[in-house]
Amino acid sequence: MTFALTDEQHQLQQVVRKFCEAKSPIAEVRRLMETEDGFDPAVWDQLGSELGLQSLAIPERFGGAGFSFVELCLVFEELGRALFCSPFLSSIALGANAILIGGTDEQRERLLPDIASGNVRATLAFAESTKAWAPHDVAADAIADGASYRLRGTKTLVVDGQTADLIIVSARRPDVGAVSLFTVEASHAPGLRRTLLPTLDQTRKLAELHFDDTPAQLLGSTDDDGAETLRGTLQNAAVCLAAEQLGGAAHCLDASVEYAQMRSQFGRPIGSFQAIKHRCADMLVDVESARSAAYYAMAAVVDETDMALASSLAYAHCSEVFSRAASAMVQIHGGVGYTWEHDAHLYLKRAKASEALLGGIGYHRDAVADSMGL
């Protein structure tokens, strides 16, 4: 298989990289990670009005730009490189994806245009306190109430759950014993309580959501398999996160090589020492292997072939590569790399937190084994 980016895709990456350099320098990342919301609403609006990134992979008939999943993941790669603080992962990879996969045409036409414009921020609440990630482990209940439902239960590790306008929740319908997805409008949600969680990675906010007879609307039809919709959404999101991890790992490599060329010891650049050369070479091999895994997974989603295998493989491998690259970045920088003032620890924390975000490496390794019949 030959996979090469087009000139237009390269230009897209360059535009997003310049935007991140201008709007999200590391000093701004540090400022935003100390805030409760975790992002700048003005920059989020610019992300849509100037670049149209929220609408990128949403079909034109639903208010989007109609690009493919590949372009979307290339954007995630650049956002990961800059540690860009925004609800892009939650709103687009999780929220919009769930609606695209599981919603009816009427629901897509009603919900997606506002997400595409950036006016509505969405998220997906699926993980629970039982540490359950798989769709069949959902314990929250959805009680029928006429044409609507009432949600009862708790969801944890909800990405940007404290600021989302539209929350898509997985819950079990006791009357039929099936898992479905439901939409909750946060501004009209009595019984909803949101708690911001302390996290290792302060650049990405997570929340715990409590539902106490909270009104909700079914996403999709009553006959749809919500577990399958959730599974497909998480597969796509895993590829987006893998692309983000690739971008972070690539930054760690570039920063380490730059420092090794600049920092001198014993009268010569430390990059001339064999130990540093070997470490940087190992990082390069790691990053390029992660790029191959992530790009193959992007293509698999577009072609709808080997999606389960490719997405879990990309997520598991890119998670490991990002963590190794961030750790190597700290070590190559020596003593300064261990300080709060240096940026290395921010990438290491993002890497370690991302390892557990969508089920963890172990969960996805098991998924790979299942896909291969092992």
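# Notebook: loops, cores and voids

I began with D160: at 7% relative accessibility, D160 counts as buried. Buried means under 20% relative accessible area and exposed over 50%, with partly exposed in between (1.4 Å probe, protein chains only). This is a predicted model, in which local features need pLDDT of at least 70 and side-chain atom pairs count only at pLDDT 80 or more, while totals for chains, interfaces and linings use all residues. Residues are numbered from 1 along each chain as its sequence is written, and side-chain values use heavy atoms, with hydrogens and water left out.

**Entry 1. Positive phi**

I looked up the backbone at D160. Its phi is positive, about 55°, although D160 is not a glycine. I placed D160 in the loop between β3 (148-159) and β4 (166-173). Helices (H or I, at least four residues) and strands (E, at least two) are DSSP runs, numbered from the N terminus.

I then went to F266. F266 is not a glycine either, and its phi is positive, near 60°. F266 sits in the loop between β8 (264-265) and β9 (268-269). Is F266 buried or exposed? I read 73% relative accessibility, so F266 counts as exposed.

**Entry 2. F84**

I found F84 in the loop between α4 (69-81) and α5 (88-102). F84 is at 8% relative accessibility and therefore counts as buried. Which residues does F84 touch, leaving out those up to four places away in sequence? I listed F19, C20, S24, V43, L47, L79 and R350. Contact here means heavy atoms within 4.5 Å. I also checked the pair F84 and S24. They are 60 residues apart in sequence, and their C-alpha atoms are 6.1 Å apart in space.

**Entry 3. Cavities**

Rolling a probe the size of a water molecule over the atoms shows where empty space is left. On a 1 Å grid over the protein atoms alone, a cavity is a set of points where a 1.4 Å probe fits but cannot get out; a pocket is an open set with protein on both sides within 12 Å along at least five of seven lines; lining residues have an atom within 4 Å of a point. Grid points are joined across faces, edges and corners, and a volume is the space filled by probe spheres set on the points.

I noted four cavities of 30 Å³ or more. Ala, Val, Leu, Ile, Met, Phe, Trp, Tyr, Cys and Pro count as nonpolar, Asp, Glu, Lys and Arg as charged, and the others, Gly among them, as polar.

The second largest cavity holds about 60 Å³ of space. I listed its lining as G102, S180, L181, L218, L219, S221, D224, G226 and T229. Two or more of these residues come from each of β5 (178-185), β7 (206-219) and α7 (226-262). The classes are three nonpolar, five polar and one charged.

**Entry 4. Largest pocket**

I looked up the open space next. The largest pocket has about 450 Å³. Its lining has 22 residues, with F69, N97, L100, N236 and V301 nearest its centre. At least two lining residues come from each of α4, α5, α7 and α8 (274-303). Which element gives the largest share of this lining? I found α7, with six residues. The lining divides into 13 nonpolar, six polar and three charged residues.

**Entry 5. Nonpolar cores**

In soluble globular proteins, nonpolar side chains tend to be buried together. A nonpolar core is a set of buried Ala, Val, Leu, Ile, Met, Phe, Trp, Tyr and Cys residues joined through side-chain atoms within 4.5 Å. I noted 99 residues in the largest one, where F88 and I115 have the most contacts inside it. α7 gives the most to this core, 17 residues. Leaving aside neighbours within four places in sequence, F88 is in contact with W44, L47, L53, Q54, L72, V75, F76, L79 and A93. Apart from this core lies another of 20 residues, among them Y149, V184, A216 and L218.
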